[in-house]
Number of protein chains: 2
Amino acid sequence: MVDMLSFDATDAEYIDELAAYVAVPSVSRDATQETMRAAAEWLAAQLSFAGGRVVETEGHPAVRGDWLGAPGAPTILVYGHYDVQPTGDLAEWHTEPFELTVDGDVIRGRGVTDDKGPVFIVLKVAQAFVEQEGALPLNVKFLFEGEEEIGSPHLPAYLREHADELAADLVISADGAMWRPSEPSLSIASKGLVTLDVEVTGADGDLHSGRFGGTVANPVHALSEILAGLHTTDGRVAVDGFYDGIPELTDERRAAIAAVPFDEDGYRDGLGLDEVFGEAGYNTLERLWERPTLEINGVKAGGKYTVIPHVATGHISCRLVPGQRPERVLQAITDHVLAQKIPGVRVTVRPDEGGVPAYTIPADHPAIRAATEALAHVYPGQEVLLAVIAGTLPATALFEEVLGAKTLFFSFSTADENLHAPNEFLRISRLREGMRAWEHLWRLLADGPHRLAPVIRDGSA
Amino acid sequence: MVDMLSFDATDAEYIDELAAYVAVPSVSRDATQETMRAAAEWLAAQLSFAGGRVVETEGHPAVRGDWLGAPGAPTILVYGHYDVQPTGDLAEWHTEPFELTVDGDVIRGRGVTDDKGPVFIVLKVAQAFVEQEGALPLNVKFLFEGEEEIGSPHLPAYLREHADELAADLVISADGAMWRPSEPSLSIASKGLVTLDVEVTGADGDLHSGRFGGTVANPVHALSEILAGLHTTDGRVAVDGFYDGIPELTDERRAAIAAVPFDEDGYRDGLGLDEVFGEAGYNTLERLWERPTLEINGVKAGGKYTVIPHVATGHISCRLVPGQRPERVLQAITDHVLAQKIPGVRVTVRPDEGGVPAYTIPADHPAIRAATEALAHVYPGQEVLLAVIAGTLPATALFEEVLGAKTLFFSFSTADENLHAPNEFLRISRLREGMRAWEHLWRLLADGPHRLAPVIRDGSA
């Protein structure tokens, strides 16, 4: 392969441009409409070569654009999101979350790797094609949403209403992440997601821990019992039915995973831990790629003063694997929690809407083959690993259902870059590597042995 | 007994005056030095008849005053505090916490019943004596502290340094509370207190719950296990050694408690609960008066987003009964928590300083007899119950140790008035009842059959 596009801007120039985008605190959970729109409009302006526009949907708006000047060539839909996670505890950030800051080889800021940086890369590639070659090698539709971090609640309706307009032979997601920095990787699956709250209430109001202590059930005790009861001591999820539908891990798959170079000690040390921990009977990589998980994401009750809090809440999320059905998992957890009869308190389980099943793409799909070749070109001499995204990309199952198209994850984020946590960062080198890889991916999908086959949808090509 | 003082101000006038004091947000946990001093200065000004003054101590200042114009009469030390608890969740307050608000028969505001209203009562009585009779019936020293709600960390040193200056035959505490509104009561004991934090840490930072979920121990899971393991399912504290030193509850004491009219259904309904709950083998009143407790006051970790929090903390407080030693209880809990080997996390226990043992005063002490008579006069036809304060008054054990003096709790707060919780209130009628009762208490202690005997301290009268 020959590099044909020039990416002439300096790193500093690219970073400056990206900084303006990161500076918009588009936290979908709690930002104002104006803030979310500002981020959407930044994107739409970048897509001016493709008629970029902010489109209203229920909830935060989406951004769309189309470049369809390659008749006869395949059509892809590029997906990403402009919303970001909350900052969490500001005291834990070493820099201002919304001020993109260069720190050695990386740039830090909320959203820089999830998903603003990776989207920025594809924008620069498309713009370079248009400027330098006057055309893209294939037809590209762009769809960026503003609600990915809250479970994409309004994307399903939008996709269904615009299914014809968005029809494509492949979705390429700029969201997702390479598994680790040591070599290039592609993801052939992502985990599903369900979330829920458990609320335990006691008296009508907080009570003095002396004047009422010992005579009423304490909601924090009760919540602790419930949360502690979600797992067995050997790390298995204790919920009846949680694992229903999951195929047994085959010896073949175990062997394939065992063949992946994985330094468990390095993984452990990199996280600052004394030991790893997880479901008995599986090693770390199997837990990460093949097994569903249940994690408590937060608890809240009372404070550092002498009360019996009258309400205690816990937030829980589960990552699902193929075979699990989101609504069944939620029901199983609800049943399990409510089956615990704890005297003196009331327990409420509140499943969140928008559960997402797990997703897979075959390892021999043309998109995986083309992407492997593009990455091999950008990272010469390194094997391209086929990995699993243990995170969740809610749109993928939906794209398959509504558009009949598989999704290729092609993100230049890396999973160790503090996604969803304080001090999120992106490796600066990924910007330029990503641009070059997208260039080749598009060329390979447009023509040659990896040319995309047209998707058959509703009986018509 | 004949009422001799006039309390001529209208309720509205008293409330207005008290409102100015409540308006100072003297939250000892987090107020500024200026705010704490403003509350102290309000008190000092009220004590101008007794040379009232703010005195520097380590931490928030104390307020002192002395009226010693009754040679030959007994000397009492009046104790109270000007600091208040944090407001907790402002959303749960029906009125502004620091704007004293009349609501039917009660006045609402943070600190109005703990302890600003009860202290206000004794100030008005002393002022009335001076204005109307030119003298108090006995010698009175006043000591108000600003750190009661944070465990009185600097009171011990202050008392020891000023033991001679503060010498008294009895301490009368304007802090404490009547047990319930249905009849007058006196307290012959109060529970002790120890508090501690448990912190569980995992990775160096918060982790994405997908990309790392299932492969590392979750600190919130671990904290939940620890907290759930502090009690057995029958409500007993599961900590080895927690109950050490506590005498068996005698049949005689059980019978005395059984003789106290107590409407358990009303207690339960008043708290908005479906059932009460506590240590097996004891009824509610026995749990409240005779048994030590361990309560989780708060938990904190992560939030409603998809992370594995890297730190989870719980705050715990225990109320102690006679026989328990604070430092031993803290050690037993620490040992219990650290004995749980939870893989993949680090557990730290942080006992707070300032543990307080339980306190008792004999039921036949002259102060209890005089106080019983004073209350019987103000609440004619009602029996005066001898109860236990299930809360903690850290100063009492200290007064006994340093001054050799017992403490009489003589507060016109009532335990149902949302102490330490949102919507704290005080019954308006208690203001006037309290003034009249203090008038008679002082007269009875000064002369007659209940005249206080002098305390023998360090071998000298």
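Tutor: Gladly! Contact means heavy atoms within 4.5 Å. By that rule Asp83(A) touches several residues, including Ser26(A), Met36(A), Asp114(A) and Ile150(A), not counting residues up to four places away in sequence. This is a predicted model, where local features need pLDDT of at least 70, side-chain atom pairs count only at pLDDT 80 or more, and totals for chains, interfaces and linings use all residues. Residues are numbered from 1 along each chain as its sequence is written, chains are lettered from A and ligands numbered from 1 in the order in which they are written, and side-chain values use heavy atoms, with hydrogens and water left out.

Student: What makes the approach of Asp83(A) to Ser28(A) a polar contact?

Tutor: A polar contact is a pair of N or O atoms within 3.5 Å; within protein, one must be able to donate a hydrogen and the other to accept it, and residues adjacent in sequence count only if both atoms are side-chain atoms. The two side chains are 2.7 Å apart, so the pair qualifies. The Asp83(A) side chain also reaches the backbone nitrogen of Glu149(A) at 2.8 Å.

Student: Why is Asp83(A) said to have no salt bridge?

Tutor: A salt bridge needs a side-chain nitrogen of Lys or Arg within 4 Å of a carboxyl oxygen of Asp or Glu. The nearest side chain of opposite charge, Arg29(A), is 8.4 Å away, so none is counted.

Student: How do you know that the copies meet through the same surface?

Tutor: 100% of the interface residues of chain B are also interface residues in chain A, so the surface is shared.

Terms used. Buried < 20%, exposed > 50% of the residue type's maximum accessible area, 1.4 Å probe, protein only. Lys, Arg positive; Asp, Glu negative; His and termini not counted.
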